[in-house]
Amino acid sequence: MKEKAHFNPKSLTWIISLAVMIAVSIAVIFGSIGLDKLANQKYNEPISMDFTIAQTKDIDISSTNAADYNVKSVKEAYDSSNNLVAYVVEGTTVGYNQEVPIEMTSIISIDGTVVWGIDILKQEETEYLGVRIQTPEFKDQFTGRYLPVVASGSTSKGSTIDTLAKATISSQAVIDAVNNAQKFVSDNYVIAEAE
């Protein structure tokens with residue numbers, strides 16, 4: 001005698017529950033991706049600099065902890081209307097060639113949130129590789145970027161800088177120097193807003 005297959009209402013409940021869990025999981029994943037993109041949107045694209053530096057004035061940093069940040073000197077940068085617009089921070093960082101530090105400047109906004117540009121003053125990194133930190137293709141990535149800056153592939157929050165192939169140590173040294181300059185400016189010159 002053949003038995004007939006019968007419908008089990010519990011199996012339908014299980015299938016509906018599974019479908020709801022999958023839908024909720026997908027919504028949470030895409031929602032978190034969207035929120036992350038929204039929260040980090042300012043780090044994705046550079047912003048335009050709406051001023052030109054007309055003059056700079058040296059700042060006495062002898063009473064600061066500049067050595068903790070590898071900072072050698074700081075200048076206030078003024079526009080043509082004599083408004084303070086940025087700080088020019090000269091510092092050092094150690095790249096691949098540990099015998100000769102990289103000397104560079106970072107132009108940091110007066111509120112300590114944006115790097116307006118960098119320049120490599122002196123370096124003796126590896127020929128054909130690390131020396132490319134001086135190229136406009138590498139340096140221009142820093143212009144108008146919100147701080148901190150991070151190496152591409154990093155999971156840290158910040159503006160992404162593409163490191164130079166086979167010269168990641170030199171690239172990371174420059175990134176570290178820019179972030180150190182920002183920390184020095186923030187710790188010594190940016191006035192915290194009242195809460």
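This is a tutorial dialogue on reading the features of a predicted model.

Trainee: Let's begin with helix H3. What should its 21 residues span at 1.5 Å a residue?

Mentor: The expected span is 1.5 Å times one less than the number of residues. For helix H3, residues 168-188, that comes to 30 Å, and the end C-alpha atoms are 30 Å apart, which agrees.

Trainee: Which residues of H3 are buried?

Mentor: Buried means under 20% relative accessible area. In H3 the buried residues include Ser 170, Ser 171, Ala 173, Val 174 and Ile 175. Further along H3, Ala 177, Val 178, Asn 179, Ala 181, Gln 182, Phe 184 and Val 185 are buried too. Phe 184 has 0% relative accessibility, so it counts as buried.

Trainee: Now the charged side chains. How many salt bridges does a search of the whole structure find?

Mentor: Side chains of opposite charge can pair when their charged atoms come close. In this model the search finds three salt bridges. One of them joins the side chains of Glu 90 and Lys 72, at 3.6 Å from N to O. Glu 90 sits in strand S3 (residues 84-93) and Lys 72 in strand S2 (residues 71-78), so this pair links distant parts of the chain, 18 residues apart.

Trainee: Which other residue forms a salt bridge with Lys 72?

Mentor: Glu 103 does, with the closest N and O atoms 3.5 Å apart. Because Lys 72 lies in strand S2 and Glu 103 in strand S4 (residues 102-109), the pair ties together parts that are 31 residues apart in sequence. Put together, Lys 72, Glu 90 and Glu 103 are linked in a network of salt bridges.

Trainee: Is Lys 72 buried, partly exposed or exposed?

Mentor: Lys 72 counts as partly exposed, at 44% relative accessibility.

Trainee: And what does Asp 119 meet in a salt bridge?

Mentor: The partner is Lys 139, at 3.0 Å from N to O. Asp 119 is in strand S5 (residues 114-122) and Lys 139 in helix H2 (residues 136-139), so the pair ties together parts that are 20 residues apart in sequence. Compare the accessibilities as well: Asp 119 is partly exposed at 32%, whereas Lys 139 is buried, with a relative accessible area of 16%.

Trainee: Which residues line the largest cavity?

Mentor: Among them are Tyr 69, Asn 70 and Val 71, then Val 89, Glu 90, Gly 91 and Thr 92. Met 104, Ser 106, Ala 177 and Ala 181 also belong to the lining. S3, S4 and H3 each supply at least two residues of it, and S3 gives the most, with four.

Trainee: How should I read aromatic pairs, and how many does the count come to?

Mentor: A pair of aromatic rings is described by the distance of the centres and the angle of the planes. The count here comes to five aromatic pairs. The rings of Tyr 87 and Tyr 189 have centres 5.1 Å apart and planes at 20°, so that pair is stacked. Tyr 87 is in strand S3 and Tyr 189 in the segment after H3, 102 residues apart, so the pair links distant parts of the chain. Phe 184 and Tyr 189 have ring centres 5.8 Å apart and planes at 75°, so that pair is edge-to-face. Ring pairs link Tyr 69, Tyr 87, Phe 184 and Tyr 189 into a cluster.

Trainee: Is Tyr 87 buried or exposed?

Mentor: Tyr 87 is buried, with a relative accessible area of 6%.

Trainee: Last, the backbone. Which residues does a cis peptide bond join?

Mentor: Most residues other than glycine have a negative phi, and most peptide bonds are trans. In this model a cis peptide bond joins Leu 147 and Pro 148, with omega about 5°. Pro 148 lies in the loop between strand S6 (145-146) and strand S7 (149-151).

Trainee: What phi does Asn 82 have, and where is Asn 82 found?

Mentor: Asn 82 is not a glycine, yet has a positive phi of about 65°. Asn 82 is in the loop between S2 and S3, and counts as partly exposed at 42% relative accessibility. Tyr 128 also has a positive phi, about 70°. Tyr 128 lies in the loop between S5 and H2, and counts as exposed at 66% relative accessibility.

Conventions: Residues numbered from 1 in each chain as written. Predicted model: local features only at pLDDT ≥ 70, side-chain atom pairs only at ≥ 80, totals over all residues. Heavy atoms only, no water. Buried < 20%, exposed > 50% of the residue type's maximum accessible area, 1.4 Å probe, protein only. Salt bridge = Lys/Arg side-chain N within 4 Å of Asp/Glu carboxyl O. 1 Å grid on protein atoms, 1.4 Å probe; cavity = no way out; pocket = protein on both sides within 12 Å on 5 of 7 lines; lining within 4 Å. Phe/Tyr/Trp six-rings, centres within 6.5 Å; stacked < 30°, edge-to-face > 60°.
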